[in-house]
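I opened this notebook to record what I looked up in one structure. The entries follow the order in which I worked.

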Amino acid sequence: MNERARVALCPGSFDPLTLGHEDIVRRALQLADEVIVAVGHQPSETKRHLFAIEERLELIREVFANEPRVIPAEFQGLTVEFARQRGASLIVRGVRTAGDFEYEARMARMNRALAPGIDTVYLAADPRHVFLSASLVREVWSLGGDVAPFVSPPVLRALERRREGSG
Ligand code: ADP
């Protein structure tokens, strides 16, 4: 990308990528020349995950295979530090509920204090996805529910393989 390209960062855990995430990434493409979908994780993380980082990155790659402006990446540590390293001037986040907004606003103010040159843009979740979260998809899937309406075909296939693999 040339120096004047506007780069946006969409950080998250994407475990797994849902249609809600996809919508935010596609809309971020209208705000920036390049969108880095950044899978954040910490070495000390104890939270249970479903897909390993590499698998999450592969799913992002597959889902956005036709969109060369989407760049999958992983990072550890501060989001703003990673944004700075990659030359991103925007952090794009999806906001579903007032609870999301409270959390996001605190985060955005802290990030702005840490890195005044990087701004956070919130996109209101599409009404079709407002109830959707990766953790809910994991929960429904682990209880045997059908998550086909909430994820793209590559993600659904990966979930099905995982189910078969784990018997
Ligand atoms: P989740 O909250 O689903 O576990 P992440 O932590 O990976 O997701 O979130 C990454 C980003 O995607 C956050 O900005 C989050 O608010 C946004 N996001 C997650 N689900 C949705 C959705 N259904 N609609 C819009 N934005 C969403």
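**Entry 1: the loop**

I began with P16, which lies in the loop between β1 and α1. Helices (H or I, at least four residues) and strands (E, at least two) are DSSP runs, numbered from the N terminus. A cis peptide bond joins D15 to P16, with omega at about 0 degrees. I then found F14 in the loop between β1 and α1. F14 is not a glycine, yet its phi is positive, about 50 degrees.

**Entry 2: the basis of the values**

I noted that the model is predicted, that local features need pLDDT of at least 70 and side-chain atom pairs pLDDT 80 or more, and that totals for chains, interfaces and linings use all residues. Residues are numbered from 1 along each chain as its sequence is written, and side-chain values use heavy atoms, with hydrogens and water left out.

**Entry 3: the ligand**

Which residues come nearest to the ligand? Of the 15 residues around the ligand (a heavy atom within 4 Å), I listed S13, G94, H129, L132 and A134 as the nearest. By class, this shell has 6 nonpolar, 7 polar and 2 charged residues. Here Ala, Val, Leu, Ile, Met, Phe, Trp, Tyr, Cys and Pro count as nonpolar, Asp, Glu, Lys and Arg as charged, and the others, Gly among them, as polar. β1 (7-12), α1 (19-28) and β4 (90-95) each supply at least two residues of the shell, and α1 gives the largest share, 3 residues.

I next looked up atom distances. An oxygen atom of the ligand is 3.0 Å from an N or O atom in the side chain of R96, and an oxygen atom of the ligand is 3.2 Å from an N or O atom in the side chain of R93. A nitrogen atom of the ligand is 2.9 Å from a polar backbone atom of L132. Taken alone, the ligand exposes 530 Å², of which the protein buries 88%; the areas come from the Shrake-Rupley method with a 1.4 Å probe.

**Entry 4: the pocket**

The ligand takes up the space of the largest pocket. A pocket is an open set of points on a 1 Å grid over the protein atoms alone, where a 1.4 Å probe fits, with protein on both sides within 12 Å along at least five of seven lines; lining residues have an atom within 4 Å of a point. Its volume is about 1200 Å³. Of the 46 lining residues, P11, G12, S13, R93 and E104 are closest to the centre. α4 gives the most to the lining, with 8 residues.

Key
A polar contact is a pair of N or O atoms within 3.5 Å; within protein, one must be able to donate a hydrogen and the other to accept it, and residues adjacent in sequence count only if both atoms are side-chain atoms. A molecule sits in a cavity or pocket if more than half of its atoms lie within 2 Å of its grid points. Grid points are joined across faces, edges and corners, and a volume is the space filled by probe spheres set on the points.
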